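Dear colleague,

I am passing on the structure that we spoke about, and below it you will find my notes. Please read them with the model open beside you.

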Amino acid sequence: AFAKQGFHIDEIYSYGLSNSYYNPFPTAANEWMPGTYYQNYLMPNHATQFEYGSVMSNQVNDVHPPLYYLLFHTIASFWQGGFSPLVGLALNLIVHIATAIVIAFLIHYLTKNFYVSIFAGLFWGLSMGGLSSMLFIRMYHLMGFFVISLLYLLLRYSRSGKSRMLILLVPIFVATLLGALTHYYFYLYAFFIVAVTCIGLL
(Lines give C-alpha, C1' and ligand atoms only; values in the text may rest on other atoms or scores of the structure.)
Protein backbone atom coordinates (compact mmCIF):
# COMPACT_ATOMS: atom_id res chain seq x y z
CA ALA A 1 0.00 0.00 0.00
CA PHE A 2 2.77 2.46 0.86
CA ALA A 3 4.56 1.57 -2.38
CA LYS A 4 1.51 2.33 -4.57
CA GLN A 5 2.59 4.78 -7.28
CA GLY A 6 0.39 4.74 -10.35
CA PHE A 7 -3.38 5.20 -10.52
CA HIS A 8 -5.96 3.86 -12.93
CA ILE A 9 -8.15 6.70 -14.22
CA ASP A 10 -11.13 5.20 -12.39
CA GLU A 11 -9.21 5.48 -9.12
CA ILE A 12 -8.76 9.21 -9.79
CA TYR A 13 -12.51 9.42 -10.36
CA SER A 14 -13.04 7.73 -6.99
CA TYR A 15 -11.28 10.71 -5.41
CA GLY A 16 -12.96 13.31 -7.60
CA LEU A 17 -16.51 11.99 -7.37
CA SER A 18 -16.14 11.71 -3.59
CA ASN A 19 -14.43 15.00 -2.85
CA SER A 20 -14.93 17.60 -5.57
CA TYR A 21 -17.47 20.26 -4.68
CA TYR A 22 -20.42 19.85 -7.08
CA ASN A 23 -17.99 19.11 -9.89
CA PRO A 24 -18.11 15.40 -10.86
CA PHE A 25 -15.55 15.76 -13.68
CA PRO A 26 -12.82 18.32 -14.39
CA THR A 27 -14.30 20.56 -17.08
CA ALA A 28 -11.37 22.89 -17.79
CA ALA A 29 -9.99 22.29 -21.29
CA ASN A 30 -7.48 24.19 -23.44
CA GLU A 31 -6.63 26.60 -20.66
CA TRP A 32 -4.00 26.87 -17.96
CA MET A 33 -5.38 26.03 -14.52
CA PRO A 34 -3.70 26.47 -11.14
CA GLY A 35 -2.73 23.36 -9.20
CA THR A 36 -5.37 24.15 -6.58
CA TYR A 37 -8.09 23.42 -9.17
CA TYR A 38 -6.97 19.78 -9.32
CA GLN A 39 -6.18 19.57 -5.62
CA ASN A 40 -9.75 20.65 -4.86
CA TYR A 41 -11.05 18.09 -7.32
CA LEU A 42 -9.20 15.26 -5.57
CA MET A 43 -9.48 16.24 -1.91
CA PRO A 44 -11.86 18.39 0.14
CA ASN A 45 -10.55 21.62 1.60
CA HIS A 46 -11.67 23.06 4.95
CA ALA A 47 -14.73 24.65 3.35
CA THR A 48 -15.91 21.45 1.63
CA GLN A 49 -15.33 18.84 4.35
CA PHE A 50 -18.35 16.63 5.14
CA GLU A 51 -20.33 18.10 2.23
CA TYR A 52 -22.48 15.03 1.60
CA GLY A 53 -24.93 16.94 -0.61
CA SER A 54 -22.08 17.47 -3.07
CA VAL A 55 -21.22 13.76 -3.00
CA MET A 56 -24.83 12.86 -3.76
CA SER A 57 -25.02 15.43 -6.54
CA ASN A 58 -21.84 14.08 -8.14
CA GLN A 59 -23.32 10.57 -8.19
CA VAL A 60 -26.52 11.84 -9.80
CA ASN A 61 -24.32 13.13 -12.62
CA ASP A 62 -22.32 9.89 -12.77
CA VAL A 63 -23.62 6.31 -12.81
CA HIS A 64 -22.86 4.63 -9.47
CA PRO A 65 -24.82 4.37 -6.22
CA PRO A 66 -23.44 6.65 -3.47
CA LEU A 67 -22.44 4.52 -0.45
CA TYR A 68 -18.77 3.99 -1.32
CA TYR A 69 -18.30 7.65 -2.18
CA LEU A 70 -19.98 8.81 1.04
CA LEU A 71 -17.62 6.63 3.10
CA PHE A 72 -14.63 7.76 1.00
CA HIS A 73 -15.56 11.43 1.49
CA THR A 74 -15.86 10.90 5.25
CA ILE A 75 -12.30 9.53 5.49
CA ALA A 76 -10.97 12.25 3.15
CA SER A 77 -12.66 14.94 5.27
CA PHE A 78 -10.76 13.77 8.35
CA TRP A 79 -7.49 13.48 6.39
CA GLN A 80 -5.18 16.47 6.79
CA GLY A 81 -2.22 15.42 4.66
CA GLY A 82 -3.48 16.35 1.18
CA PHE A 83 -3.80 13.90 -1.69
CA SER A 84 -2.56 10.43 -0.80
CA PRO A 85 -3.28 6.87 -1.93
CA LEU A 86 -3.67 6.00 1.76
CA VAL A 87 -7.03 7.83 1.87
CA GLY A 88 -8.62 5.32 -0.49
CA LEU A 89 -6.58 2.40 0.78
CA ALA A 90 -7.63 3.04 4.40
CA LEU A 91 -11.26 2.34 3.47
CA ASN A 92 -10.26 -0.69 1.40
CA LEU A 93 -8.11 -2.10 4.22
CA ILE A 94 -11.02 -1.90 6.68
CA VAL A 95 -13.27 -3.63 4.15
CA HIS A 96 -10.54 -6.21 3.41
CA ILE A 97 -10.23 -7.22 7.05
CA ALA A 98 -14.02 -7.30 7.49
CA THR A 99 -14.38 -9.53 4.41
CA ALA A 100 -11.73 -11.95 5.68
CA ILE A 101 -13.60 -12.17 9.00
CA VAL A 102 -16.94 -12.89 7.27
CA ILE A 103 -15.24 -15.57 5.14
CA ALA A 104 -13.90 -17.15 8.35
CA PHE A 105 -17.42 -17.12 9.86
CA LEU A 106 -18.87 -18.60 6.67
CA ILE A 107 -16.33 -21.44 6.56
CA HIS A 108 -16.74 -22.07 10.29
CA TYR A 109 -20.49 -22.34 9.82
CA LEU A 110 -19.96 -24.90 7.05
CA THR A 111 -17.16 -26.95 8.63
CA LYS A 112 -17.49 -26.32 12.40
CA ASN A 113 -13.67 -26.27 12.41
CA PHE A 114 -12.00 -23.22 13.96
CA TYR A 115 -8.60 -23.79 12.34
CA VAL A 116 -10.00 -24.38 8.86
CA SER A 117 -12.06 -21.19 9.12
CA ILE A 118 -9.07 -19.10 10.26
CA PHE A 119 -6.98 -20.57 7.44
CA ALA A 120 -9.71 -19.75 4.89
CA GLY A 121 -9.90 -16.10 6.03
CA LEU A 122 -6.13 -15.74 5.93
CA PHE A 123 -5.85 -17.61 2.63
CA TRP A 124 -8.19 -15.16 0.94
CA GLY A 125 -6.89 -12.12 2.80
CA LEU A 126 -3.27 -12.80 1.79
CA SER A 127 -4.02 -14.09 -1.71
CA MET A 128 -2.97 -12.22 -4.85
CA GLY A 129 -6.62 -11.70 -5.80
CA GLY A 130 -7.61 -10.41 -2.36
CA LEU A 131 -4.65 -8.04 -2.09
CA SER A 132 -5.02 -6.78 -5.66
CA SER A 133 -8.66 -6.05 -4.95
CA MET A 134 -7.70 -4.16 -1.81
CA LEU A 135 -5.14 -2.04 -3.68
CA PHE A 136 -7.60 -0.99 -6.40
CA ILE A 137 -9.27 2.17 -5.08
CA ARG A 138 -12.81 1.52 -6.31
CA MET A 139 -16.09 0.34 -4.83
CA TYR A 140 -15.70 -3.29 -5.92
CA HIS A 141 -14.01 -4.41 -2.71
CA LEU A 142 -16.87 -2.99 -0.63
CA MET A 143 -19.37 -4.71 -2.91
CA GLY A 144 -17.45 -7.98 -2.40
CA PHE A 145 -17.92 -7.62 1.35
CA PHE A 146 -21.69 -7.40 0.92
CA VAL A 147 -21.64 -10.29 -1.57
CA ILE A 148 -19.97 -12.58 0.99
CA SER A 149 -22.12 -11.23 3.85
CA LEU A 150 -25.35 -11.89 1.97
CA LEU A 151 -24.20 -15.41 1.08
CA TYR A 152 -23.39 -16.13 4.74
CA LEU A 153 -26.68 -14.68 6.02
CA LEU A 154 -28.83 -16.49 3.45
CA LEU A 155 -27.08 -19.77 4.20
CA ARG A 156 -27.84 -19.35 7.89
CA TYR A 157 -31.38 -18.27 7.08
CA SER A 158 -32.06 -21.35 4.94
CA ARG A 159 -30.89 -23.65 7.75
CA SER A 160 -32.61 -21.92 10.67
CA GLY A 161 -35.84 -22.53 12.53
CA LYS A 162 -38.82 -20.21 12.05
CA SER A 163 -38.08 -17.99 15.07
CA ARG A 164 -34.45 -17.54 14.02
CA MET A 165 -35.50 -16.81 10.44
CA LEU A 166 -37.38 -13.68 11.54
CA ILE A 167 -34.32 -12.35 13.39
CA LEU A 168 -32.09 -12.93 10.35
CA LEU A 169 -34.39 -10.96 8.03
CA VAL A 170 -33.09 -7.66 9.41
CA PRO A 171 -29.36 -8.22 8.66
CA ILE A 172 -30.32 -9.77 5.29
CA PHE A 173 -32.29 -6.63 4.45
CA VAL A 174 -29.43 -4.38 5.58
CA ALA A 175 -26.79 -6.33 3.61
CA THR A 176 -28.99 -6.28 0.49
CA LEU A 177 -29.73 -2.57 0.79
CA LEU A 178 -26.11 -1.56 1.41
CA GLY A 179 -24.87 -3.84 -1.38
CA ALA A 180 -27.36 -2.25 -3.77
CA LEU A 181 -26.21 1.21 -2.64
CA THR A 182 -22.60 0.22 -3.42
CA HIS A 183 -22.86 -0.97 -7.02
CA TYR A 184 -25.65 -1.84 -9.45
CA TYR A 185 -23.94 -5.17 -10.28
CA PHE A 186 -25.04 -6.28 -6.82
CA TYR A 187 -28.67 -6.45 -7.99
CA LEU A 188 -27.85 -9.31 -10.36
CA TYR A 189 -26.03 -11.28 -7.68
CA ALA A 190 -28.76 -10.66 -5.09
CA PHE A 191 -31.51 -11.72 -7.50
CA PHE A 192 -29.91 -15.06 -8.34
CA ILE A 193 -28.74 -16.00 -4.85
CA VAL A 194 -32.13 -15.13 -3.34
CA ALA A 195 -33.85 -17.12 -6.09
CA VAL A 196 -31.66 -20.15 -5.31
CA THR A 197 -32.40 -19.74 -1.59
CA CYS A 198 -36.14 -19.53 -2.23
CA ILE A 199 -36.08 -22.63 -4.44
CA GLY A 200 -34.14 -24.47 -1.73
CA LEU A 201 -36.69 -23.46 0.93
CA LEU A 202 -39.59 -24.54 -1.28
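Where is the place of Lys112? Lys112 sits in the loop between α5 (85–111) and α6 (114–125), where helices are DSSP runs of H or I with at least four residues, numbered from the N terminus. Please keep in mind that this is a predicted model, in which local features need pLDDT of at least 70 and side-chain atom pairs count only at pLDDT 80 or more, while totals for chains, interfaces and linings use all residues. Residues are numbered from 1 along each chain as its sequence is written, and side-chain values use heavy atoms, with hydrogens and water left out.

Although Lys112 is not a glycine, its phi is positive, at about 60°, and with a relative accessibility of 59% the residue counts as exposed (exposed means over 50% relative accessible area, buried under 20%, and partly exposed in between, with a 1.4 Å probe and protein chains only).

Tyr22, in the loop between α1 (9–19) and α2 (35–42), is not a glycine either and has a positive phi of about 50°; its relative accessible area of 44% makes Tyr22 partly exposed.

Thr182 belongs to the loop between α9 (162–180) and α10 (185–201), and it is buried, with a relative accessible area of 0%. A polar atom of the Thr182 side chain lies 2.7 Å from the backbone oxygen of Leu178. Setting aside neighbours within four places in sequence, Thr182 is in contact (heavy atoms within 4.5 Å) with Pro65, Leu67, Met139, Leu142, Met143 and Phe146.

Key: Helix = DSSP H or I, 4+ residues; strand = E, 2+ residues; numbered from the N terminus. Polar contact = N/O pair within 3.5 Å; in protein donor to acceptor, adjacent residues only side chain to side chain.
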